[in-house]
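Here is a short briefing for a first look at this structure. Start with the aromatic rings, then turn to the overall build and the cavities.

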Amino acid sequence: MTEQIRPTGPRPLPGQDGTPVARAAWAVVGVLVVVVVGLATLLARPLSGAEAAPATGGAGATVAATGHTTEATVSVQGMAFTPSTLEVPVGDRLVVTFVNTGDQRHDLVFANGAALPALAPGAQATLDVGVIGADLDGWCSLPGHRQMGMVMGVHAVGAPAPSDGAGGTAGPAGAAGADGMAGMAGHGASSPGPTMAELRAAAATAAAHPADLPPLSDAREHAYTFTVTEGVDRVTPGLTRAVWTYNGTSPGPVLHGRVGDTFRITLVNAGTMGHSIDFHAGELAPDGPMRTLEPGESLEYTFTAHRAGIWMYHCSTMPMSNHIANGMFGAVVIEPDGLEPVDRSYVLLQSEQYLGADGEPADAAKVATGIPDVVAFNGRAFQYDEHPLTARAGERVRLWVLDAGPNVPLAFHVVGTQFDTVWREGAYSVYRGTSTDGRTQGTTGAQLLPLLAAEGGFVELVAPEPGHYSFVDHAMSLAEKGAHGVLEVRP
């Protein structure tokens, strides 16, 4: 279960958070820097009559303040600041009016510590950036936004060129390159990938996420409330990560229905930033129901399931990769007409985790590489090794499987068995029953259900004898990162 821990106090700037030891060390360094700078100011007065000011963006240099103020207005277009570069004469004070013309919250922070809080769409605020003595970086510090290209640069016109890496940056940070990936560090130092032993230790002490497919009711209309929450989840005994969820769990609730059923979802954003939802099981224009909600807002999302499948739902607020990686996904199971009953039905959603600093959201730079630290079924690595799924010998087991991504494919396999039925994205490739022309299909089988991100299907199997049958992502390095569980078959 997700432990709901709300952050308190102002959010630290990227790079200022980390371990308690690191924070204490930086605090000591900060005190020493203040003392040294203060002494330097007292002992070294400028020869000219102009007042000296610390060079914004420099490395201990000073610049004579001109007494003039340069004012600029910055807005948002898509996931970018406009303009992305500000030209400011060296020595001028910079005052920026930030107008959030985007469709979700953004903030604006600068490398010298000047910062505005996150502003809602349509809001604006003014920031005194300080006296500009060297080129200066700026960005949006909300998770993933910087990596999406929300960076800007202040170019100090007339400033001396830096030497030996001191005195400022080589150029404005707004020139992030074609990939918009400037500032890859994100929120603090990233966490190293946890070991299998650490992940299993955490899984052993946590309750397993329910994998049973919810029963199918006779109702043809279904109403649910999905509340977006933000909390902290334990990854290992010594590491936590921020999670964003629907109804407090990741994955969110599994919905179950038939072709023709109508689903009415009330989405409530109880988080601190913009969130949304996209149901692949429905067909309707995204403009209204999939829009980003501000904190405290809600909407009703109604769709009718016209086709069978295991359909993904997820947050569609940019960057989607981060919102999914932080836990905002789930599944809607719509059964094909005439689906035969089985003894056991389970639902397994594979997803990836890209770990940032302790207690922080996913590292957006890692997300962009597509190389996860952890891969899990139903949100927690190795949980079904520590808490196996169960069946009895000779029972027919149906496994509904969805690759929630956000990036990597899934090669689903159950060790020691063969699938006599495989249904993927609306079609049978292997079928245990009788075909339309009367021929029995019992002599065919499959070893794998291959799925790309957002694809889903189901497989059926009958374990011939008691034992422990591992189910895995057969991309074995991903199984070793947590996409592994056990089906315990009893006599």
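The count of aromatic pairs comes to 20. The model is predicted.

**A tilted pair**
- The ring centres of Phe226 and Phe279 lie 6.0 Å apart.
- Their planes meet at 55 degrees, so the pair is tilted. Stacked would need planes under 30 degrees apart, and edge-to-face over 60.
- This pair links distant parts of the chain. Phe226 sits in strand E12, while Phe279 sits in strand E16 (residues 278–279). The two are 53 residues apart.
- Phe226 is buried, with a relative accessible area of 1%.
- Phe279 also counts as buried, at 1% relative accessibility. The cut-off for buried is under 20%.

**A stacked pair**
- Phe263 and Phe303 form a stacked aromatic pair. The distance is 5.3 Å centre to centre, with 15 degrees between the planes.
- Distant parts of the chain are linked here too: Phe263 belongs to strand E15 (residues 262–269) and Phe303 to strand E17 (residues 298–304). They are 40 residues apart.
- Phe263 is buried, and its relative accessible area is 0%.
- Phe303 is buried, at 2% relative accessible area.

**The aromatic cluster**
- Which residues form one aromatic cluster? They are Phe226, Tyr246, Phe263, Phe279, Tyr301, Phe303 and Tyr313.
- The cluster includes Phe226 and Phe279, as well as Phe263 and Phe303.

**The protein as a whole**
- The protein has six helices and 30 strands.
- Of its 491 residues, 49% are buried.
- Take the contacts between residues at least 6 apart in sequence: 73% of them join residues at least 24 apart.
- The protein exposes about 21400 Å². Carbon and sulfur atoms supply 57% of that area.

**Cavities**
- There are five cavities of 30 Å³ or more.
- The second largest cavity has a volume of about 60 Å³.
- Which elements give two or more residues to the lining of the second largest cavity? They are helix H2 (196–204) and strand E12 (221–236).
- Residues lining this cavity include Leu199, Ala202 and Ala203. Asp233, Arg234 and Val235 are also among them.
- Others in the lining include Arg241, Gln353, Val374, Gly379, Arg380 and Ala381.
- By class, the lining of the second largest cavity has six nonpolar, two polar and four charged residues.

Definitions and conventions
Residues numbered from 1 in each chain as written. Predicted model: local features only at pLDDT ≥ 70, side-chain atom pairs only at ≥ 80, totals over all residues. Heavy atoms only, no water. 1 Å grid on protein atoms, 1.4 Å probe; cavity = no way out; pocket = protein on both sides within 12 Å on 5 of 7 lines; lining within 4 Å. Points joined across faces, edges and corners; volume = space filled by probe spheres on them. Helix = DSSP H or I, 4+ residues; strand = E, 2+ residues; numbered from the N terminus. Nonpolar A, V, L, I, M, F, W, Y, C, P; charged D, E, K, R; others polar. Buried < 20%, exposed > 50% of the residue type's maximum accessible area, 1.4 Å probe, protein only. Contact = heavy atoms within 4.5 Å. Areas by Shrake-Rupley, 256 points an atom, 1.4 Å probe, with all protein chains shown as cover. Phe/Tyr/Trp six-rings, centres within 6.5 Å; stacked < 30°, edge-to-face > 60°.
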